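Good morning, colleagues. I would like to take a few minutes to present one structure, and I ask you to keep the display in view while I speak.

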Amino acid sequence: MALNKNQQLLSKIATNDRHGENSPYFDGWKAYDKNPYHPIDNREGVIQMGLAENQLCFDLIQKWIRGNPKASICTAEGVHEFKNIAIFQDYHGFKEFRQAVANFMGKARGGRVTFDPDRIVMSGGATGANETVMFCLANPGDAFLVPSPCYPAFDRDCGWRTGVQLIPVNCDSSNNFLITKAALEAAYERAQQDNINVKGLILANPSNPLGTVLDRDTLRSLVSFINEKKIHLVSDEIYAASVFSTPSFVSVSEIIEEMECDRDLIHIVYSLSKDMGLPGFRIGIVYSYNDAVVNCGRKMSSFGLVSSQTQHLLASMLSDDEFVDNFLKENSERLAKRHSLFTKGLEKVGITCLKSNAGLFVWMDLRRLLKEQTLESEMTLWRVIINEVKLNVSPGSSFHCSEPGWFRVCFANMDDVTVEVALERIRVFVEKQQVKSKRKFQSNLKLSFTSRRYDESVMSPHMMSPRSPLVRART
């Protein structure tokens with residue numbers, strides 16, 4: 001087969017399709033970029049509901065920055081630190097930054113566990129952190145199990161440049177998509193039969209896209225599973241402080257304090273992108289209980305360090321206990337309020353969501369709007385929502401969901417007015433679908449009734465010839 005020009009000029013890594021950019025998950029973003037909604041300039045544009053971004057507490061951070069000008073090297077009060085921040089820093093990062101992040105991680109987990117700042121490895125966002133872990137733990141061709149539905153960009157983060165495979169462990173709505181040890185065992189055995197070397201299990205807790213937290217018993221069973229198989233567990237806890245109602249979040253760091261296991265197999269990925277709404281700062285964290293991973297990951301972090309200026313600012317901010325405590329409380333309350341507003345708006349038009357208490361999104365059930373319970377029908381519905389309703393929501397197939405008709409919808413990246421606009425668009429769309437369904441039902445009913453009358457006229461004794469055997473039998 002002839003190679004195209006790019007395949008001839010570029011590397012296999014550069015040209016392979018593991019980035020996933022052509023998936024519906026990213027296609028929805030492209031539709032938004034081409035025609036973004038604006039309340040004044042473009043009221044008919046696409047509303048971005050495919051981006052899990054927290055914009056609900058920017059005012060709190062801005063207020064702190066205004067009140068702490070020394071934390072920035074771009075102010076008259078803080079510019080005297082410019083030289084110390086601008087010169088070369090090694091890949092360990094500022095000690096005060098690692099200490100502040102360790103303290104914040106503990107607070108985000110309710111203060112039930114502490115973290116060692118010397119085990120914190122920096123990276124360029126959770127994307128870089130997940131890739132760093134894969135580079136440390138696996139060879140090209142090795143595999144990690146991942147419960148599905150799962151974060152779509154895991155494919156890119158974990159596999160594009162590393163060559164690591166992801167093997168979905170299918171979960172379904174029969175138990176609210178809860179991962180079970182039986183499902184893990186089945187996926188592991190299938191991989192073994194296919195001669196695939198399974199190096200670990202990666203999961204997001206709280207879940208993206210489900211918005212749920214794993215209970216203590218489930219976490220214990222997962223730790224038990226990886227310990228038995230002698231494979232790694234990577235727990236992406238990027239939404240740890242974005243839990244807004246019961247049950248509370250339980251970190252794998254708590255579980256390993258309660259049970260015996262090989263701690264060298266336990267690794268946590270974290271970031272300030274979601275819990276503090278700072279994705280542009282690119283603060284990713286690998287926290288490993290394995291000394292070799294910490295040392296290796298720190299060397300690799302040379303390729304994706306957090307800037308010194310960012311470290312300097314956040315070391316000061318996260319060391320302010322009063323601010324952090326108030327921020328975590330207020331963030332939880334605002335997320336709960338927005339979640340309630342959005343889900344109740346959906347309920348008014350008969351749309352339900354998986355019961356959730358965490359994250360920046362809901363797992364919306366549109367199965368009843370599918371013409372058929374198939375992937376093709378899900379994609380048809382998704383295209384209508386993107387192109388006609390003008391909402392960028394993400395179809396479940398993007399998350400490797402085995403059941404058609406589920407969609408992730410983000411609710412925290414916009415203001416209240418835009419939420420109301422989005423809900424109104426959904427209401428109008430659902431009502432149109434109901435009208436279409438009613439007309440189709442009435443048409444089918446009319447056709448069925450007409451057909452039945454015809455059949456009855458043929459078979460009715462009153463219409464039969466006196467010579468009919470059936471008539472003679474009744475006389």
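Let me begin with a definition: two residues are in contact when they have heavy atoms within 4.5 Å. What we are looking at is a predicted model, in which local features need pLDDT of at least 70 and side-chain atom pairs count only at pLDDT 80 or more, while totals for chains, interfaces and linings use all residues. Residues are numbered from 1 along each chain as its sequence is written, and side-chain values use heavy atoms, with hydrogens and water left out.

I turn to the domains. By an automatic or database domain assignment, the chain is divided into domain 1, covering 20-57 + 326-432, and domain 2, covering 70-324. Taken over C-alpha atoms, the centres of domain 1 and domain 2 are separated by 26 Å. In the contacts between them, 32 residues of domain 1 meet 41 residues of domain 2. The size of an interface is often given as the accessible area lost when the parts come together. Here, the buried area, meaning the accessible area (1.4 Å probe) that two parts lose on being put together, summed over both, is about 3,000 Å² between domain 1 and domain 2. Carbon and sulfur atoms give 61% of that area.

Next, the chain as a whole. Its C-alpha trace spans about 110 × 60 × 55 Å along the principal axes. The chain holds 17 helices and 13 strands, these being DSSP runs numbered from the N terminus (helices: H or I, at least four residues; strands: E, at least two). Of the contacts with a separation of 6 or more, 74% are accounted for by residues 24 or more positions apart.

How much of the chain is buried? Buried residues make up 50% of the 475 residues, where buried means under 20% relative accessible area, exposed over 50%, and partly exposed in between (1.4 Å probe, protein chains only).

Finally, two individual positions. Threonine 15 is placed in helix 2, residues 12-15, and counts as partly exposed because its relative accessibility is 32%. Its C-alpha atom is 28 Å from that of isoleucine 386, 371 residues apart along the chain. Aspartate 90 lies in the loop between helix 5 (82-86) and helix 6 (95-108). Aspartate 90 has 38% relative accessibility and therefore counts as partly exposed. The C-alpha atoms of aspartate 90 and serine 302 are separated by 8.3 Å, with the two residues 212 apart along the chain.
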